[in-house]
Amino acid sequence: MMNTKNLNDLKDTLKYQGFGEQLNNELEKAVTKGEKTFTLEATHIHDLPISKPDDPLTHDKVSYELSFKQGKNEQYYFNSYQAKLESPLFKDRQQTFYLDLGRTYTAKEAYNLLSGRSVYKSLQNKEGQRYNAFVQLDFKGEQKANGNYPMKSYHENYGFRLSQTIAELPIKFSSLEERDRLIKSLEKGNLQKVQLTDGQTLFAKTVPATRSLKFYDDKLQPTQVNALKGPE
C-alpha cells in the first residue's frame with residue numbers, strides 16, 4: 001500500500017529543489033511499483049544573453065537524473081541528483097549533488113555552479129554549526145572517485161562583502177529595492193543584467209576569490225568596469 005504522506009513529502013521536496021511538479025506523475029508511478037531504488041529524469045533549458053546576427057538566442061541545457069531509495073521503514077528518500085550541463089561556451093560538465101542537512105543545492109544553483117559561478121549558502125560543519133559562505137566548483141582541481149569536482153568555499157570571514165563591492169561600482173539603481181534584488185540574484189549565482197551610470201548594459205557575476213564582480217558584454221566577452229573614484 002502506497003504511503004500517501006511519504007509521496008506528498010517527496011513532491012514537496014522536488015518542488016523545493018526546483019524541479020516543479022512535472023515529475024509528480026512519474027514519481028507516483030515509481031513509488032506505487034515499490035522497487036527499492038528508482039531514478040527520474042528532467043531537462044531544463046536556460047537561454048543565454050548572447051547577441052549574434054545569425055543566432056540571436058543561444059541556450060544551455062541541463063539534464064538531471066534524480067535518485068530515490070527506499071529505507072528500512074519502507075519510506076522513499078530523494079538522496080541525490082546528477083546534473084549534466086551542455087553549453088556552447090565550454091565542454092560538458094557534470095556533478096552529483098547530495099541532499100543532506102548541511103549542503104543542499106537547488107536545480108538552478110546546480111546549473112549556476114556548473115556554469116562556473118558562485119552561490120552564497122548557509123552551510124553546516126561537522127559539529128552541526130551553521131555558517132555562511134560563497135561556494136564554487138573547482139574545475140582545475142582533481143576530480144573525486146565519483147567524478148565530482150572539488151568545491152571551494154569562501155567563508156564570510158574571507159572578507160568579501162557583496163553589498164560593499166556593489167556600492168563601489170558605477171551601477172545604476174532606481175531604488176534600494178532594485179539594489180537588493182541584484183544582491184539576492186548574484187547570491188543565487190545568476191548571471192545578472194546590470195545598467196551602468198554611463199548607459200552601458202552589461203552582465204555581472206560574483207568572483208569571491210578576488211572579492212569582486214566580473215562583467216560581460218552581450219557576446220559574453222569579459223569587459224572592464226572601473227570602481228568609482230573616492231574623494232580627492
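Modeller: Let's start with Thr206, which sits in strand β9. Keep in mind as we go that we're looking at a predicted model. Is Thr206 buried or exposed? It's buried: its relative accessible area is 2%, and anything under 20% counts as buried. Its side chain has a polar partner, too, as it makes a polar contact with the side chain of Ser118, at 2.5 Å.

Strand β9 also leads us to a pocket. β9 (201-207) is one of the elements that give two or more residues to the lining of the largest pocket, and the others are β4 (90-98), β6 (130-137), β7 (151-155) and β10 (212-216). How much space lies in that pocket? About 500 Å³. There are 21 lining residues, and the closest to the pocket's centre are Ser115, Gly116, Arg117, Lys205 and Tyr216. Sort the lining by class and you get 10 nonpolar residues, eight charged ones and three polar ones.

On to the second largest pocket, with a volume of about 230 Å³. Here 13 residues make up the lining, and those closest to the centre are Thr96, Tyr98, Arg103, Asn148 and Met151. β4 turns up again: it supplies four residues, the largest share of this lining. By class, this lining splits into six nonpolar, four polar and three charged residues.

Now for the strands. Quick bit of background: strands of a sheet pair through backbone hydrogen bonds, either parallel or antiparallel. In this model, β5, β6 and β7 form an open sheet in the order β5-β6-β7, with antiparallel pairing. From one strand to the next, the twist averages 45°.

Zoom in on β6 and β7 and you'll find five bridges holding to the antiparallel sense. For an example of bridge partners, look at Val135, whose partner in β7 is Ser153.

Terms used: Residues are numbered from 1 along each chain as its sequence is written. This is a predicted model: local features need pLDDT of at least 70, side-chain atom pairs count only at pLDDT 80 or more; totals for chains, interfaces and linings use all residues. Side-chain values use heavy atoms; hydrogens and water are left out. On a 1 Å grid over the protein atoms alone, a cavity is a set of points where a 1.4 Å probe fits but cannot get out, and a pocket is an open set with protein on both sides within 12 Å along at least five of seven lines; lining residues have an atom within 4 Å of a point. Grid points are joined across faces, edges and corners, and a volume is the space filled by probe spheres set on the points. Ala, Val, Leu, Ile, Met, Phe, Trp, Tyr, Cys and Pro count as nonpolar, Asp, Glu, Lys and Arg as charged, and the others, Gly among them, as polar. Two strands pair if DSSP finds at least two bridges between them. Axes are lines fitted to C-alpha atoms, for helices over the stretch in contact, and angles run from 0 to 180 degrees between N-to-C directions. Buried means under 20% relative accessible area, exposed over 50%, partly exposed in between (1.4 Å probe, protein chains only). A polar contact is a pair of N or O atoms within 3.5 Å; within protein, one must be able to donate a hydrogen and the other to accept it, and residues adjacent in sequence count only if both atoms are side-chain atoms.
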